[in-house]
Every structure is written in structure tokens, then in C-alpha cells.
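I opened this notebook to keep track of what I looked up in one structure. The entries follow the order in which I checked things.

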Amino acid sequence: MALDYAKCAREIFEGVGGRENLVSAAHCATRLRLVTVDNSKFDMKKLEDIEGVKGVFSNNGQLQLIIGTGTVNKVYDEFLAVSGMTAATKEDVKAAAAAQQPLIKRMVKSLGDVFVPILPAIVASGLLMGIVEALGKIESLHFSETAWYGFLDMIANTAFTFLPVIVAVSAARVFGGNIFLGGVIGMVMIHPSLLNAWNVGSADSIPTWNLFGNIQIGDYTLGSVQQVGYQGHVIPVIISVWLMCKIEKWLHKHVPEVIDLFVTPLTTVFVTALATFVVIGPIFSLAESYVLKGAEWLVQNPFGALVMGAVYPLTVVMGLHHMYNVIEAGMLSSVGLNTWMPIASSANFAQFGSCLAVGIKTKKAKTRSVAVPSSLSAALGITEPAIFGINFRFMKPFICAMIGGACGAIFGAVTKIGATAYGVTGIPGFLTINNLAVYAIMLAISGGVAFILTWIVWKEEPDELTPEQAAALAGEGDAGGTAAVGAAGVKKIETKENIIYAPLKGNVIPYDQIPDPTFASGVLGKGVGIEPALGEVVAPFDGTVSSVTDTKHAIGISGPRDMELLIHVGVDTVNMNGDGFDMTVGEGDAVTTGQKLITFDIDKIKTAGYSPTTAVLLTNSDDYENFKITKTGASEELDPVIEI
């Protein structure tokens with residue numbers, strides 16, 4: 001039965017508290033995105049139960065309702081009609097959401113925006129550092145005496161040696177400044193003319209620059225600068241670059257254009273550098289040292305580890321978990337070992353255990369279809385699908401996971417294990433941890449305790465299956481084939497109505513490996529991800545275009561046997577606003593297998609900082625009992641990849 005779009009929109013409108021509780025509304029290819037005045041005025045459970053809503057979660061101040069491609073735009077139109085609101089762009093919604101968030105959440109989000117993009121550099125260096133260190137400990141190899149050891153050790157240490165520069169560039173991007181000026185500030189703070197902060201303890205005395213002579217204010221000499229670098233520090237760098245961006249923006253507004261090119265960068269760098277070495281550096285480096293010492297004590301103290309192992313997922317729910325990146329980066333930069341990682345990993349793997357228990361124990365096909373892939377995602381360190389889709393929604397599994405995380409964190413504290421990178425937890429954490437066996441035991445404790453407790457405590461509500469759930473259990477047999485010919489130059493293939501063909505050339509991966517929590521959770525349907533080798537999307541079967549996005553990065557296609565397919569090029573590429581994309585069809589167009597639909601620039605996507613991995617998801621996959629992925633790995637365009 002077709003969804004009643006007006007009824008769905010009306011129930012959402014009522015569920016969020018009506019017009020007086022709405023600030024802004026927009027939609028993307030799959031989700032309705034709302035910003036509300038007061039989050040306490042809506043019931044998540046009530047919203048989840050609305051027919052047509054596949055999932056609900058709150059992220060970065062936005063209430064996001066997962067509805068699906070080809071449907072969300074129709075529900076959105078009805079939502080605007082019933083609410084009396086005007087259409088907003090996704091950027092408008094983001095801005096409104098940010099303004100609604102408390103100051104602490106805005107600060108933490110900024111920290112996350114700084115550290116998440118530099119994660120690949122940290123992971124690469126951390127992995128190489130772990131490998132080099134492990135090989136160096138094997139006495140029979142004498143690897144530590146070879147030239148290769150010195151060469152690889154240099155490469156492994158580079159990201160940490162120049163971490164202030166990387167952080168400065170990323171911070172300048174986040175705060176809206178010139179990233180090259182940000183890089184200069186980062187380099188100034190570790191300039192070779194300064195004593196290396198890691199070696200300053202061995203210096204007989206620390207030279208100073210008295211920039212304003214010997215003007216004394218008590219025991220303080222005005223403008224006295226110790227000639228020491230800021231290796232091992234990240235907070236002073238972020239504060240300095242934030243100030244730099246403020247100064248640069250102010251100057252751009254007030255300096256005449258004819259001299260702006262010369263005056264603004266010169267003044268910005270000089271004033272920022274002076275403030276950094278005279279005020280910001282001395283104050284915030286000391287504060288950061290105390291924070292790191294406190295964090296190290298906390299994670300090595302069993303009671304402190306217990307508390308943090310339990311509390312960690314709560315900070316994920318509140319969107320505050322990126323604040324730990326500062327601590328982890330500081331640990332790596334100062335002592336070379338991230339002892340915070342075992343706590344995060346215990347907490348994340350416990351979410352896996354609880355979610356898996358729900359997935360195995362549930363009798364509902366819809367719950368299982370979300371829980372099982374979400375648990376696998378959590379095992380890989382991506383916990384949002386498990387937390388928001390299952391554990392926090394049912395609450396008891398979430399509490400059990402908190403207990404499991406606390407147990408694992410205690411074990412990690414007692415054994416004093418640590419990692420050589422940050423941002424890598426769960427199973428991938430084996431690549432960075434300094435003791436594989438102990439780490440495996442820790443994960444078994446956290447995941448096992450959470451699984452057992454959830455299995456005992458959680459009981460499914462005895463709701464009857466809805467007609468849709470019952471229908472989802474009914475499958476269909478194979479169908480015959482039809483000959484299909486694409487546009488000129490497209491190879492001829494014999495198509496079958498129960499086959500979805502690869503719309504791109506590239507490396508095919510299961511949907512749960514797509515680097516996006518929502519796609520990987522399966523809540524939008526099962527399918528595959530394709531790491532594209534060519535920036536071209538073609539029709540994977542004969543069908544009709546059911547939806548297209550204004551930003552040209554996603555398309556919905558209706559096909560044989562009522563298939564509803566979403567093709568979403570890249571992860572978070574909606575933020576590119578169509579730059580690098582071209583759509584060759586429109587909504588309502590009939591398309592044939594192999595017909596060109598979208599062209600896109602892979603390099604431009606990567607340069608913008610996004611993954612080009614393309615989601616190919618059958619959004620109503622639960623309707624097909626015989627759904628299966630038939631091919632992964634290297635694939636040509638129009639190779640069979642999914643069978644129903």
C-alpha cells in the first residue's frame with residue numbers, strides 16, 4: 001500500500017510539537033531535517049512509530065527523520081503545507097541548528113571538526129609506528145640496527161613531530177581563516193630557532209627574549225618570551241589560530257581593498273604570533289599539561305577508568321565525544337602512547353555486544369535488520385547506528401553496554417595498555433594497540449558482559465507484526481530476462497528482472513563497510529558500496545527516476561518488482577552543493593539499463609575531504625526474502641551485484 005504522504009507529514013508535525021516548536025526544515029536525499037526550539041517537546045518513540053519513518057536520531061542540533069529516497073521529498077512538500085513553513089536549504093538548517101546548541105556543544109563540535117579531518121595522518125603514522133616498534137623488539141631480526149629502522153621511524157614520527165602545523169591548518173579551515181596563514185602560525189610555534197620542548201629539560205638554562213626591555217610587573221617581565229617550542233601541545237595552537245582568524249576577518253572588513261593584500265596577512269601573522277608567545281602559549285600550554293596529567297591519572301586509576309568507561313557513550317549521545325580527541329592527540333604528542341583509547345574501545349565494543357544481543361533475540365524482522373548490521377558497525381568503532389538505532393532507543397541495552405564498557409575499561413587501566421594513534425577503536429584497534437593479547441581480552445570482557453546482561457535483562461515488547469512487517473517476510477521467485485541496450489557505446493547485456501547491475505565501475509564492498517553510519521547500519525536498506533574507478537553512474541536496470549537531488553549527487557530509481565533503489569555518490573557530498581556533479585536525467589524520466597545518469601569528479605570529491613564511495617541501496621530490501629549480494633571486489637560497469 002502506498003504511503004499517505006500527507007498523513008505522515010501531519011503526524012511528524014504533531015509529533016515534534018507543532019509550529020511553535022519548529023525553527024527550520026529541509027531535506028536531503030533520504031532524510032527530513034528539522035531544527036526545533038525545545039527538544040523535550042517531542043517523543044522519539046512516537047516519531048519512530050509513524051508509518052513511513054524508518055528511523056529517528058538527533059545529531060548536531062538537528063532532528064533527522066530517515067524516510068527514504070523518492071519519498072522524503074513528497075513528505076517534505078506535505079510537511080511545508082501543513083506547517084506553513086517555507087523551504088530552507090540544508091545550510092540554513094545547519095546554521096539554525098548550530099545557533100540552538102549550547103556553547104559547550106558548539107565548542108566541542110569545533111574541536112571535532114579540527115581533529116576528524118587529520119585522523120588519516122594520525123592513523124597512518126600510528127600504524128607505522130606500531131609496526132616499526134614491534135619489529136624493533138624482535139632481537140633475532142636486529143631490525144633496530146638497520147638503516148630501514150631509522151628511515152621508517154622518521155616517517156612514522158613525522159605527523160607527531162609536526163602535529164602543531166597539521167592542527168593549525170585544520171583549525172584555520174574550521175574557523176574560516178586562510179589555511180596557509182594558519183600553517184605559518186603552526187610552524188612558528190615549532191620553529192628550529194626555538195628549543196625543542198621535548199628536550200628542554202636537559203638544557204642548562206632557557207634563554208628568553210625581553211621584547212619590551214626590562215619593564216617589571218611584580219615578578220613578571222613584560223613581553224618576556226621563553227625561547228621554547230610547543231612540540232607536544234595542541235590546545236595553544238587551536239586558541240592561537242582561532243584568534244588569528246578573528247583578526248584576519250576583522251582586517252578584511254576594515255582595511256581598504258587596495259592595500260588589503262599586504263596589510264592583512266602581515267598584521268595578522270605579527271599580532272597572532274606576539275599574542276601566542278606572550279599570552280596564549282604560556283597560559284594554555286600549562287593548562288593543557290594539567291589536563292593531560294589529570295587524564296593520564298584518570299585512565300590509569302581503576303575507579304576513574306570505570307566511571308569513564310560507563311560515561312563515554314553518554315557523551316556520544318550528547319555529541320561531546322570529540323573533546324577526547326584533544327586529550328588523545330596531546331598524549332600521543334607528549335608521551336607517544338594514547339592510554340585513553342582502551343576506555344573508548346571498551347565503551348564502543350560494549351555497544352556492539354548489547355546491539356548484537358538484541359539482533360539475535362528479537363522476533364521482529366525490522367528490528368533485526370537494523371540491529372545486526374549496526375552491531376557489526378559498532379565492532380569496527382562506529383557506534384552511532386547501534387546507539388541511536390537500537391541501544392539508546394530501548395534503553396536497557398544501553399545501560400547494559402555502559403556496565404560492559406566500565407568492566408572492560410577497568411581491565412584496560414590495570415593492564416596499562418595504550419595505542420599509537422587515536423580515532424581507531426574496536427577490531428581495527430588491533431592495528432595500533434601495544435599488546436594484542438591483553439586488548440583481545442579487554443574487548444571480550446566489555447562485549448561479553450554487555451551481551452550477557454542484555455540477553456538477560458532486555459525483553460521485547462509483545463507488539464503484533466504490522467501488515468508491512470508481515471509482507472516483508474514474503475519473497476518472490478526469479479523472473480525471466482529481457483534484452484537491454486544502453487546508450488550508444490554501452491555494452492549489450494541480457495538483463496533479468498531480479499538482478500541489480502553495477503551502476504559504476506570500481507571496487508564493490510558490502511553496505512556495512514560504507515564509511516557512513518546511516519548507510520552502514522542498513523536502516524536505509526541493504527545493498528553495496530562502490531569505490532569508483534570512473535566518475536560515471538549508469539542505470540542499473542530499466543526503470544523510472546523517482547527522485548533527484550538539487551545537488552545532483554543522489555538519485556532514486558523505481559524498477560521491476562517494485563524495487564526502489566537509491567544511488568548516493570560519495571559520503572556527505574551534499575555539502576559540495578553540486579560542485580563537480582552533473583545530472584543527465586530528471587524526475588519522472590524513464591531510463592534503460594546502461595543509460596548515463598550522473599557524471600562526477602572523483603578528484604574534486606577527495607580534495608573537498610569526502611569519500612567518493614557510492615552507496616547503492618535497495619531501500620525496500622526487507623520486502624525481498626531472497627535478497628543477496630552476488631559480487632564484491634573489482635567490478636566492471638553493469639556486472640551483476642545484487643539478486644532478489
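Entry 1, the whole chain. I looked up burial and found that 49% of the 644 residues of the chain count as buried. Buried means under 20% relative accessible area, exposed means over 50%, and partly exposed is in between, with a 1.4 Å probe and protein chains only. I noted that this is a predicted model, where local features need pLDDT of at least 70, side-chain atom pairs count only at pLDDT 80 or more, and totals for chains, interfaces and linings use all residues. Residues are numbered from 1 along each chain as its sequence is written, and side-chain values use heavy atoms, with hydrogens and water left out.

The chain exposes about 28300 Å², and carbon and sulfur atoms supply 61% of that area. Accessible areas come from the Shrake-Rupley method with a 1.4 Å probe; for residues, only the protein chains shown count as cover. I then read off 21 helices and 24 strands in the chain. Helices (H or I, at least four residues) and strands (E, at least two) are DSSP runs, numbered from the N terminus. Among contacts with a separation of 6 or more, 71% are between residues 24 or more positions apart. Contact means heavy atoms within 4.5 Å.

Which residues make the nonpolar surface patch of about 380 Å²? I found F303, L306, V307, V311 and L314. Patches are made of residues with over 30% relative accessible area and no salt bridge; like charges are joined within 9 Å, and nonpolar side chains (Val, Leu, Ile, Met, Phe, Trp, Tyr) within 5 Å. A salt bridge is a side-chain nitrogen of Lys or Arg within 4 Å of a carboxyl oxygen of Asp or Glu. F303 lies in helix α12, residues 302–317. F303 has a relative accessible area of 61%, so it is exposed.

A pair of aromatic rings is described by the distance of the centres and the angle of the planes. Rings of Phe, Tyr and Trp (its six-membered ring) pair if their centres lie within 6.5 Å; planes under 30 degrees apart count as stacked, over 60 as edge-to-face and the rest as tilted. By this rule I have ten aromatic pairs. One of them is F392 with F398, an edge-to-face pair at 5.0 Å centre to centre and 80 degrees between the planes. F392 counts as partly exposed because its relative accessibility is 30%, whereas F398 is buried at 1%.

I also looked at F581 and F600, which are stacked, with 6.4 Å centre to centre and 25 degrees between the planes. This pair links distant parts of the chain: F581 is in strand β18 (residues 581–583) and F600 in strand β20 (residues 596–600), 19 residues apart. F581 is buried at 6% relative accessibility, and F600 is buried at 7%.

What lies over the face of W455? I found K361, at 5.8 Å from the ring centre. A charge sits over a ring if NZ of Lys or CZ of Arg is within 6 Å of the ring centre and within 35 degrees of the ring normal.

K416 is not a glycine, yet its phi is positive, at about 60 degrees. K416 sits in the loop between α17 (396–415) and α18 (436–457). With a relative accessible area of 53%, K416 is exposed. L638 is not a glycine either and has a positive phi of about 75 degrees. L638 is in the loop between β23 (633–635) and β24 (640–643). Is L638 buried or exposed? L638 is buried, because its relative accessible area is 3%.

T339 is in the loop between α13 (324–334) and α14 (341–361), and counts as buried at 14% relative accessibility. Leaving aside neighbours within four places in sequence, T339 is in contact with V299, M331, I417 and G418.

P207 lies in the loop between α9 (179–188) and β5 (208–210). P207 is partly exposed, with a relative accessible area of 34%. Q227 is in the loop between β8 (224–226) and α10 (235–254), and is buried at 13%. Not counting residues up to four places away in sequence, P207 touches L195, V225, Q226 and Q227.
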